[in-house]
Amino acid sequence: MPAELSRFSGITAGSGAAGSASTVASWDDYSAKMSEESMILGKWRRRCGYERTNPERLDAPALALRIRQSYREAVCAFTRHPEVWHEWAMWELLHSPSSGVSSTSNIGGISPNGGGHTRGGRNVQRAIEVLTRAQAILPDSALLVASHANIVECHSSRPSDAVLVLERFVSRSPNTLGYVLLQRLSRKYRGIREARAVFARARRSLRIREEDAPCGGQIGGCISPKVGD
């Protein structure tokens, strides 16, 4: 009997060691792939930045087409990366139609009041088109929807329409950040009663369901009993 137990223990220990080695190998493989992906993404972003400097001294319309094509190729390679879509949308919003270059050195920056950044309604329209296309592919990206709402609020004739952008977002992908942004804009444009209604809806929507809870589906069972009970 002790011999059988020792053999069983050896098999169990060997299986555990093999599992740990497999886990480590999987993690190393994942880290290597992520590093490679980050490197390639950085090269694509540098390529887009290089095109924005107009190295070939193109005229404004040709330069805009060249940069836009660079971003199209970048999002084809990294469709599931919201930061690439966001950078493209910010370039569409901030670049000057007369020169084709951005009005700010920080492509990701937007003025809180939008002053001095919008170069025309066509810029806003193109930026929103890019973000709308991106949200169709990444419907749960808070970065994209927050940028969309910000553009509508800062650069459109009806800032309150930004509330509708966030309403659609929390309807298709409810999450805490989406509701926080929606509550802030609802308080600003629709009043405190509407903001409280958003908060109440968020509590109902984000409440943990019993079937989603750990501990065998019993929410109360996950709470450790008090000492002495």
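**Close-up 1. Helices H3 and H4 packed in roughly antiparallel fashion.** In this predicted model, H3 and helix H4, which covers residues 121-137, pack at an angle of about 165°, with their axes 7 Å apart. Because angles over 145 degrees count as roughly antiparallel, H3 and H4 are described as roughly antiparallel to each other, and the crossing of the two helices is right-handed. On the side of H3, the contact is made by Trp85, Trp88, Ala89, Glu92 and Leu93, while H4 brings Asn123, Val124, Arg126, Ala127, Val130, Leu131, Arg133, Ala134 and Ile137 to the contact. Sorted by class, the residues of the contact of H3 with H4 divide into 10 nonpolar, one polar and three charged.

**Close-up 2. Helices H3 and H5 packed in roughly parallel fashion.** The angle at which H3 and H5 pack is about 15°, and their axes lie 10 Å apart. Since angles under 35 degrees count as roughly parallel, H3 and H5 are roughly parallel to each other. H3 passes H5 in a right-handed crossing. From H3, the residues Pro82, Glu83, Trp85, His86, Met90 and Leu93 meet Leu143, Leu144, Ser147, Ile151 and His155 in H5, and this contact of H3 with H5 has seven nonpolar, three polar and one charged residues.

**Close-up 3. Helices H5 and H6 packed in roughly antiparallel fashion.** The axes of H5 and helix H6, the latter made of residues 161-172, come within 7 Å and cross at roughly 160°. With angles over 145 degrees counted as roughly antiparallel, H5 and H6 are therefore roughly antiparallel to each other, and H5 passes H6 in a right-handed crossing. The contact is made by Ala142, Val145, His148, Ala149, Val152 and Glu153 of H5, together with Asp161, Ala162, Val165, Leu166, Phe169 and Arg172 of H6. By class, the residues of the contact of H5 with H6 divide into eight nonpolar, one polar and three charged.

**Close-up 4. The largest pocket and the residues that line it.** About 220 Å³ of space lies in the largest pocket. Helix H5 (142-155) and helix H7 (176-189) are the elements that give two or more residues to the lining of this pocket. The lining consists of Ala146, Ala149, Asn150, Glu153, Leu166, Leu181, Arg184, Leu185 and Lys188, and these residues divide into five nonpolar, one polar and three charged.

**Close-up 5. The largest cavity and the helices that supply its lining.** The count of cavities of 30 Å³ or more comes to one, and about 40 Å³ of space lies in the largest cavity. Its lining is formed by Trp44, Arg45, Cys48, Tyr71, Ala74, Glu83, Val84 and Glu87. Helix H1 (2-52), helix H2 (60-77) and helix H3 (82-94) each supply at least two residues of this lining, which divides into five nonpolar, no polar and three charged residues. Glu83, one of the residues lining the cavity, is also among the H3 residues that meet H5.

Conventions:
Residues are numbered from 1 along each chain as its sequence is written. This is a predicted model: local features need pLDDT of at least 70, side-chain atom pairs count only at pLDDT 80 or more; totals for chains, interfaces and linings use all residues. Side-chain values use heavy atoms; hydrogens and water are left out. On a 1 Å grid over the protein atoms alone, a cavity is a set of points where a 1.4 Å probe fits but cannot get out, and a pocket is an open set with protein on both sides within 12 Å along at least five of seven lines; lining residues have an atom within 4 Å of a point. Grid points are joined across faces, edges and corners, and a volume is the space filled by probe spheres set on the points. Helices (H or I, at least four residues) and strands (E, at least two) are DSSP runs, numbered from the N terminus. Ala, Val, Leu, Ile, Met, Phe, Trp, Tyr, Cys and Pro count as nonpolar, Asp, Glu, Lys and Arg as charged, and the others, Gly among them, as polar. Axes are lines fitted to C-alpha atoms, for helices over the stretch in contact, and angles run from 0 to 180 degrees between N-to-C directions. Angles under 35 degrees count as roughly parallel, over 145 as roughly antiparallel, 65 to 115 as roughly perpendicular and the rest as oblique. A crossing is left-handed if the near helix is turned anticlockwise from the far one by less than a right angle, and right-handed if clockwise. Contact means heavy atoms within 4.5 Å.
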